[in-house]
Amino acid sequence: MPVATEPLTNATSLVRTRLVGVVSPASANAVVSPTGLAEVLPGQGGVLTSVQLGDAATGWCSDHLEVGASVRHAEPAADQALQVLACVGNRAVVLDGPGAATRGIVAGKHGGLLVAFPSKVLALVGPGDRVAVEAFGAGLRLTGEDSVVLHSCDPALLGWLLDGTEPDGRLRVRIAAIFGREAAGAGLGMSASRFNLDLDPVLARDPVTGAAADLRLGDVVAVADQDHRYGRRFRAGWLAVGVLCHGRSAAGGHGVGMATLLTAPADRLSLAGDAAANLQSFWAAAAA
Amino acid sequence: MTRPHDNRSALVTVTAEAVVAPARWHPPGPGTGDDGSALLPGCGGVAVGVHMGDEVGRWLGDHLMPGAAIEDRADGQPGPGPVHMLACLGNRVRAATGDLLGVVAGKRGGLAPGFLPPSLLAVEAPDERLERICPGERVMVETVGRGLQLTDHPRICLSNLSPALLDLLPVQEQGRGLAVGVMAWLPPWAAGSGIGQDAWIGDLDIAEENALTGQALRYGDLVAFQDIDSSAGRFRRPGYVSIGLMCHGPGTEDGHGPGACILISGPADELAAVPGPASLGPQLAELAARS
């Protein structure tokens, strides 16, 4: 039986920083599919009002659809800070427009920082509105677990993600799906603390049944043989765990996007299949 | 031995302007899990003494390409412009004086759409010519190769391949398909940075060098990526193969490694990659010296 314990971390030493970005304009992406067919589809940016956290990650007529609002900063260095310092699970609030004071959470990273808001107020948020993010989690470490490296992970989210330890000391991590090592696409070679890794949804399995996984936006997923301590790379015997935050593309090599939360040698983790391992559940629990 | 037919008689040659790229310093990227991530040259400038046929690991560089790095003339950090998108390996390059400098021998480019710079072409040339050119100088590239197809193999896609280099490629008709010689055969998980990007932009990195099992590759060697298609972007597609030419050396960061510019891709049942001594390095150096 796993032992339920609150993970020991250095969270009390971490700095909480208030950052501001602006909701990006929508994009119309011209993409060429593997068959050579060119299409123009709704792309990244704007505010996605029809698809929420917890909804299907695939099957939409879109290119890299992003959860919620896509937030960026016009100044490159400030934009990078927003990308690196904000963590999945951090709280955010709309500052402008009819949606002002609406609260949301950071749901992922792509070109912009992805912030989810409650569906009933999403329609009140638009490109150009400022969003403030309480950035908290950069530098987070698990005490006594030097081989486990965390990225973009709010300390409260980490507590929800980890489900105690196995009798042999391995950390139990709840996941909704696992991807085979050949699933990794665009995002390889990029910094693991920014952007995300595109994964071929065809290679996702339900960790409990082994059947093809029914992927949802916000799902916590693992990828075999990926080392995300620094850049995202293949390394046999490692695992990367993250949250699905964008949909797939018509273009080859681009799949559903996983923002990295945690990486470790596979023998330090015990992956526990859990259909509720979706950011929506964390958000509901945090709001309660 | 029958070589495939092609449509080269229909191709046009267009002279495009480029400029010798300055050496650039990019802010540190993701770093590496291995020790000693040194800061090394390799992005832009003129690498005198580095040539096709050299071992890619011989030099202490970061994504180092042989010879002169050239790029589209643009304001600020250039993305892939007409020179990058039209130039093919084997195209001739003239210096501002009109004298022949060398031939295009490689491409380097961004990791994925939206991450485009640097967008460099390598020009293989004899040292005595490389020593006379400087960053900022104008050069002319005689671009030809866009549209090149193998007439009897419409499922096979050519990219970045000039007719001159096609003539040097170790390819022959074999049954109903083609056989191409390659020095190395790489599993799909060895493909790193460059997945998801247009096949005409830059290259595909071998990010898992264990896949080479100690084999030392040279600039110009042909390598095959299993289960990667490059017909419309470089992407994983079981049953396909992409064959490229080694054009840049190892990178110092995770997910990067020595890179190949993709020349030919298609279904493996029509395009067979045959292991053997397959390198175009010496021929490209000779072509550059001759031109």
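Which residue of β16(B) does Val180(B) stand opposite? Select Val180(B) and look across: the residue facing it is Ala273(B). Keep in mind throughout the tour that this is a predicted model.

**Stop 1: a sheet in chain B**

Stay with this pair and select the strands around it. Strand β10 of chain B, residues 177-182, pairs with β16(B) in the parallel sense, over five bridges. As background, strands of a sheet pair through backbone hydrogen bonds, either parallel or antiparallel.

**Stop 2: the β1 strand of chain B**

Next, select residues 14-20 of chain B, which make up strand β1. Six bridges join β1(B) to strand β7 (residues 138-143) of chain B, and the two run antiparallel. One place to look is Ala18(B), whose bridge partner in β7(B) is Val139(B). Three bridges also link β1(B) to strand β3 (residues 67-72) of chain B, again antiparallel. Here you can pick out Val20(B) and its bridge partner Ile70(B).

**Stop 3: the β1 strand of chain A**

Move over to chain A and select residues 17-23, its strand β1. This strand pairs with β8 (residues 130-135) of chain A in the antiparallel sense, over six bridges. Val20(A) stands opposite Ala132(A) there. Two bridges join β1(A) to β4 (residues 69-72) of chain A, also running antiparallel. For that link, find Val22(A) and its partner Arg72(A).

**Stop 4: two helices**

Select helix α4 of chain B, residues 281-290. Which of its residues are buried? They are Gly281(B), Leu284(B), Ala285(B), Leu287(B) and Ala288(B). Look down the helix axis: these residues fall within an arc of 160°, so they line one face of α4(B). They pack against β5 (100-108), β6 (120-124) and α3 (163-168) of chain B.

Helix α4 of chain A covers residues 279-287, and its buried residues are Leu279(A), Phe282(A) and Trp283(A). They cover an arc of only 100° around the axis, which puts them on the same side of α4(A). Their packing partners are β6 (103-109), α3 (155-161) and β17 of chain A.

**Stop 5: the largest nonpolar core**

This core has 175 residues, and those touching the most other members are Ala107(A), Val115(A), Ile175(A), Val221(A) and Val123(B). Strand β17 of chain A, residues 233-246, gives the core its largest share, eight residues. Centre the view on Ala107(A): among the residues it touches are Leu53(A), Val88(A), Cys245(A) and Leu279(A).

**Stop 6: where the chains meet**

Finally, show both chains. How many residues of chain A are in contact with chain B? There are 29, and they meet 29 residues of chain B. On chain A's side, β13 (186-189), β16 (220-227) and β17 each supply at least two residues. The largest share, four residues, comes from β13(A). Colour this side by class and you will find nine nonpolar, 11 polar and nine charged residues.

Methods: Residues are numbered from 1 along each chain as its sequence is written. Chains are lettered from A and ligands numbered from 1 in the order in which they are written. This is a predicted model: local features need pLDDT of at least 70, side-chain atom pairs count only at pLDDT 80 or more; totals for chains, interfaces and linings use all residues. Two strands pair if DSSP finds at least two bridges between them. A nonpolar core is a set of buried Ala, Val, Leu, Ile, Met, Phe, Trp, Tyr and Cys residues joined through C-beta atoms within 7 Å. A residue is buried if 20 or more other C-beta atoms lie within 10 Å of its own, exposed if 12 or fewer, and partly exposed in between; C-beta atoms are placed from the backbone. Two residues are in contact if their C-beta atoms, placed from the backbone, lie within 7 Å. Ala, Val, Leu, Ile, Met, Phe, Trp, Tyr, Cys and Pro count as nonpolar, Asp, Glu, Lys and Arg as charged, and the others, Gly among them, as polar. The arc is that of the directions from the helix axis to the C-beta atoms. Lists of a residue's contacts leave out its neighbours within four places in sequence.
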